[in-house]
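Here is my notebook from an afternoon of looking things up in this model.

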Amino acid sequence: MPAIEANNITKIFTKTDYNWRDIFHWKKIETLAVDRLSLEIEEGEFVGFLGPNGAGKTTFLKILSGIIHPTSGEAKVLGYVPWERDYRYLNQMAIVMGQKNQLWWDLPAIDSFNLLKEVYAIPHKLYKDNLDEMVETLDMKPLLAKQLRNMSLGERMKCELAASFLHSPKIIFLDEPTIGLDVVSSHAIRKFLKRINETKKTTMILTSHYMGDIEALCKRVIIINKGQKVYDGSLADLKDQYAPERKIEIFLESLEEKQEFAKIEGNKKIIENRGIIKVKKEALGAVIEKVFAQFPPENVSITEIDTEEVIGKIFQKK
Amino acid sequence: MLRYIKINLVLFRNSFIRDSQMPVHIISSFTWRILDIIISLIFFNVIFSNIQNLAGWNYWQVVFLYAFSRTIILTHNAWTKRGVQSMATDLIRRGEFDFYLAKPVDSMIMVSIKSPRIYNFITLAFMIPLGIYAAIKSGMPIGLDNVFWFLILAALGFILYYFLMILCVIPAFWFIRLWAISEIMDKLNTFMRYPAGIFSEGIKVAVLVLFPIVTASYLPASILFYPPKIEYIVYMILITAAFGALTRYLWGLGVKSYSSASS
């Protein structure tokens with residue numbers, strides 16, 4: 001049985017608007033946030049959820065975590081209808097939001113953790129084992145006695161993550177957990193999430209604007225735009241499908257080399273001293289042969305198209 | 001139930017630690033509350049220097065009613081008021097209510113108990129003895145049955161007041177920014193300190209039935225001073241149950257229509 005099953009989930013936000021001149025004629029303004037979205041996610045999967053701002057990613061996560069009710073559609077997460085908020089479901093689920101704190105602002109992290117122990121009724125031994133593991137993995141021993149308001153963003157996020165894993169959830173929704181973090185903190189958090197996913201087989205859904213997060217953690221990505229699913233599959237297939245090209249980059253040392261580069265046929269451009277050619281996979285051999293004949297091999301590199309570029313292409317098409 | 005007691009204990013402990021770091025705030029707040037009690041007592045003295053009784057209640061009975069109503073209010077101020085008010089000011093507007101819905105606890109109770117101000121309990125140390133002293137000085141024949149029924153009805157009054165507080169902030173689910181409604185109870189609290197007999201019929205219906213804030217204090221106090229009336233007891237049980245059911249129903253509707261806030 002899949003960990004998450006959603007069928008035709010639709011969410012329309014309704015806002016009532018009126019103006020003072022005509023106060024008795026209220027106008028309903030409807031915004032379609034999620035549009036007949038269906039998906040299945042297996043237990044232990046780490047799925048990236050991508051989409052531009054306002055695509056409906058966070059709304060969908062909030063529906064799956066039981067925070068908001070959908071306008072229509074059905075969903076089962078771990079066998080429960082999320083918005084019925086069965087405590088047996090909530091005990092196995094956690095949500096982390098990069099832009100909101102669930103921990104108490106004025107309290108040291110350990111006090112918030114102790115409170116969560118009671119909220120989730122976590123047995124003492126499990127709580128202690130999990131806390132020790134989080135402290136070690138996230139290197140957060142000095143943070144335990146520190147008040148949340150005195151922490152840096154990265155430190156806060158470490159504590160938020162630790163708090164979310166204290167009750168050993170089977171499923172976790174991560175809404176931009178690395179937003180605003182520096183490279184070191186982002187890397188530590190990615191490492192931690194990967195470890196938990198691999199060792200505890202926790203099902204994870206991650207939304208992030210940073211492709212680095214998605215590439216490092218998720219084999220499968222779901223892309224949504226304007227509330228609709230645009231793509232659901234592996235990251236590798238995504239590139240094959242939407243960008244079946246390779247990028248040849250040549251470091252152009254002289255004017256002569258730039259002139260030589262200009263003679264090569266195909267989709268190419270020069271950015272400063274870098275000549276970039278985008279070539280279809282089937283034509284790659286022929287082009288490479290020409291390139292290696294004209295330029296020093298140590299100045300040539302062949303890469304895949306950036307994921308961000310691929311995603312940009314998808315959104316432009318839509 | 002045990003879970004909520006444990007959660008409460010952790011929150012009280014945290015509140016104690018946090019509040020201990022702000023002694024000036026606590027002292028000023030405590031001074032203000034004591035001043036409020038003194039001003040109210042002076043006011044009652046002024047009233048009773050001109051009249052013999054207030055709707056049949058003597059000076060000490062009214063002082064008892066005041067002390068009892070303040071006990072209900074102060075207990076909620078110390079325990080649930082700040083959390084309940086935050087529904088109308090922050091939680092819904094900023095989407096912080098999300099976290100209360102994602103936890104395996106009752107969201108209404110959890111929000112209510114989330115930010116106790118434990119130092120407010122200190123004022124109760126003055127209010128409860130004042131109430132006991134006033135009850136003794138009232139000269140009314142108070143038997144054990146009066147005390148027994150008073151304690152039962154006082155507990156119901158305490159719960160009823162809580163439901164009324166919640167009802168005041170429930171519109172925030174639909175109207176988001178409702179800072180003013182979080183203060184409605186503060187204004188209505190004044191009604192609780194007077195015997196219901198002083199109000200006109202229309203106001204009586206309003207404060208005893210439609211929004212029974214006076215019921216929460218007046219009925220238990222009446223049971224203490226006068227022979228327990230079964231209709232008072234039944235009414236108190238029924239109205240508390242009815243407002244409890246109404247509050248839970250509307251809270252459920254609110255949660256269903258909750259749309260959170262964008263990230």
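**Sheet in chain A**

Over how many bridges do strand 11 of chain A and strand 12 of chain A pair? I found five, in the antiparallel sense, with strand 12 covering residues 274-280. Two strands count as paired if DSSP finds at least two bridges between them. Helices (H or I, at least four residues) and strands (E, at least two) are DSSP runs, numbered from the N terminus.

Before going on, I noted that this is a predicted model, where local features need pLDDT of at least 70, side-chain atom pairs count only at pLDDT 80 or more, and totals for chains, interfaces and linings use all residues. Residues are numbered from 1 along each chain as its sequence is written, while chains are lettered from A and ligands numbered from 1 in the order in which they are written.

Back to the pair: A:Ile270 stands opposite A:Gly275 in strand 12 of chain A. I then looked up the whole sheet, an open one of four strands in the order 11-12-10-13 of chain A, with antiparallel pairing. Its edge strands are strand 11 (267-271) and strand 13 (300-304) of chain A, each pairing on one side only. Neighbouring strands here are turned by 20° against each other on average, direction ignored. For such angles, axes are lines fitted to C-alpha atoms, for helices over the stretch in contact, and angles run from 0 to 180 degrees between N-to-C directions.

Helix 10 (residues 284-294) of chain A lies across strands 10 (245-251), 12 and 13 of chain A. I noted that helix 10 runs at about 5° to strand 10 of chain A.

**Chain A overall**

I got eleven helices and 13 strands for chain A. Its C-alpha trace spans about 70 × 60 × 45 Å along the principal axes. Of its 318 residues, 40% count as buried. Buried means 20 or more other C-beta atoms within 10 Å of a residue's own, exposed means 12 or fewer, and partly exposed is in between, with C-beta atoms placed from the backbone.

Most residues other than glycine have a negative phi, so I checked for exceptions. A:Ala121 has phi near 50°, a positive value, and sits in the loop between helix 3 and helix 4 (124-137) of chain A. Is A:Ala121 buried or partly exposed? A:Ala121 counts as partly exposed, because it has 16 C-beta neighbours inside 10 Å.

A:Glu176 also has a positive phi, near 50°. Its loop lies between strand 6 (171-175) and helix 6 (183-200) of chain A. A:Glu176 has 20 C-beta neighbours inside 10 Å, so it counts as buried.

**Where A meets B**

I found 29 residues of chain A in contact with 21 residues of chain B. Contact means that the C-beta atoms of two residues, placed from the backbone, lie within 7 Å. Helix 3 of chain A gives the most to its side, with five residues.

**Two helices in chain B**

The axes of helix 2 (residues 23-48) and helix 7 (residues 121-137) of chain B come within 10 Å and cross at roughly 25°.
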